[in-house]
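Welcome! Here is a friendly tour of one protein chain, to be read with the structure in view.

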Amino acid sequence: MKIHRLAGRGYASNCYLVESDGHAIVIDPSLSLSDAQRAIDGEWPTVDLIILTHAHFDHMLYLTEWRRETGAPLAMHEMEVHALSDPMKNAFSLFLGRNDVFAPPEMLLRDGSTVKVGKEVLRVMATPGHTVGSICLFGEGCVFTGDTVFTDGDYGRTDLWSGDSHALFESIRALTACQHEGRMYPGHGPDGDFRTEMRCFMR
Ligand SMILES: [Zn+2]
């Protein structure tokens, strides 16, 4: 598995291209397809699936373009779907003064769902708190944490739509209990070693 971290536009949300065997999943399409293609050396993979870690504007700035240009289906947590059609919930209106809405996803995810990319599998862990349908994705040697947790003991805000600080605390506690080895790839900022980063929360 090859992981490309691509810096998104505006708000510096990370977009990840997870590649295996000529196929790829894009996580949080926050930069344009052409910018992503420019950033990748070598052959551009077939994009099989687009996943949102959650439905906030800064993680889906180019979602419509990616769906249209790649034809790839969208997958997201079932509790997060209604944010696609509501600019208040997806925060486009609050941050950008725009009323962007999106077509419903082709695939619904829930805790324990798995998705395939090439020879690899990503497993969904529901981690509500930053939003009600926030997820983390676990793969061989990697965890994508969206805006649930970042490196250096930082975590997602809970003052936007469906944010819940108690739920976030419980999600972080569940993450600290994960015996998973590998890199942590958050929705913002640099990546880090997952176990080391989660120890920041155990004090
Ligand atoms: Zn967010």
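## Getting oriented

Helices (H or I, at least four residues) and strands (E, at least two) are DSSP runs, numbered from the N terminus. This is a predicted model, in which local features need pLDDT of at least 70 and side-chain atom pairs count only at pLDDT 80 or more, while totals for chains, interfaces and linings use all residues. Residues are numbered from 1 along each chain as its sequence is written, and side-chain values use heavy atoms, with hydrogens and water left out.

## Two residues with positive phi

Let us begin with D28, which sits in the loop between β3 and α1. Its phi is near 60 degrees, a positive value in a residue other than glycine. Most residues other than glycine have a negative phi. Is D28 buried or exposed? D28 counts as buried because its relative accessibility is 2%; buried means under 20% relative accessible area, exposed over 50%, and partly exposed in between (1.4 Å probe, protein chains only).

S162 also has a positive phi, near 65 degrees, and is a residue other than glycine. Look for S162 in the loop between β10 (142-146) and α4. With a relative accessible area of 24%, S162 is partly exposed.

## The nonpolar cores

In soluble globular proteins, nonpolar side chains tend to be buried together. A nonpolar core here is a set of buried Ala, Val, Leu, Ile, Met, Phe, Trp, Tyr and Cys residues joined through side-chain atoms within 4.5 Å. The largest such core has 25 residues, and L52, M60, L63 and L84 touch the most other members. Two or more residues come from each of β2 (14-20), β3 (23-27), α1 (33-39), β4 (46-51), α2 (63-70) and β5 (74-77). Apart from this core lies another, of 17 residues, with L49, I51, I135 and C142 among them.

Which residues does L63 contact, leaving aside its neighbours within four places in sequence? The partners of L63 are P29, I50, L52, L74, L84 and F102, where contact means heavy atoms within 4.5 Å.

L49 counts as buried, at 4% relative accessibility, whereas T46 counts as partly exposed, at 46%. Not counting residues up to four places away in sequence, L49 touches A24, I25, V26, A72, P73, A75, M107 and V115. With the sequence neighbours set aside in that way, T46 touches G22, H23 and A24. The C-alpha atoms of T46 and E19 are separated by 9.0 Å, with the two residues 27 residues apart along the chain.

In strand β5 you will find M76, which counts as buried because its relative accessibility is 0%. M76 and L52 are 24 residues apart along the chain, and their C-alpha atoms are separated by 5.4 Å. Beyond four places in sequence, the residues that M76 touches include L52, A55, V81, L84, P105, M107, L108 and L109.

## Helix α4

Within α4, A167, L168, S171, I172, L175 and T176 are buried. The buried residues of this helix pack against β8 (120-126), β9 (135-139) and α5 (194-199).

## The largest pocket

On a 1 Å grid over the protein atoms alone, a pocket is an open set of points where a 1.4 Å probe fits, with protein on both sides within 12 Å along at least five of seven lines; lining residues have an atom within 4 Å of a point. About 190 Å³ of space lies in the largest pocket; grid points are joined across faces, edges and corners, and a volume is the space filled by probe spheres set on the points.

The lining is formed by Y155, S165, L168, F169, I172, R173, T176, F201 and M202. M202 belongs to the segment after α5 and is partly exposed, with a relative accessible area of 48%.
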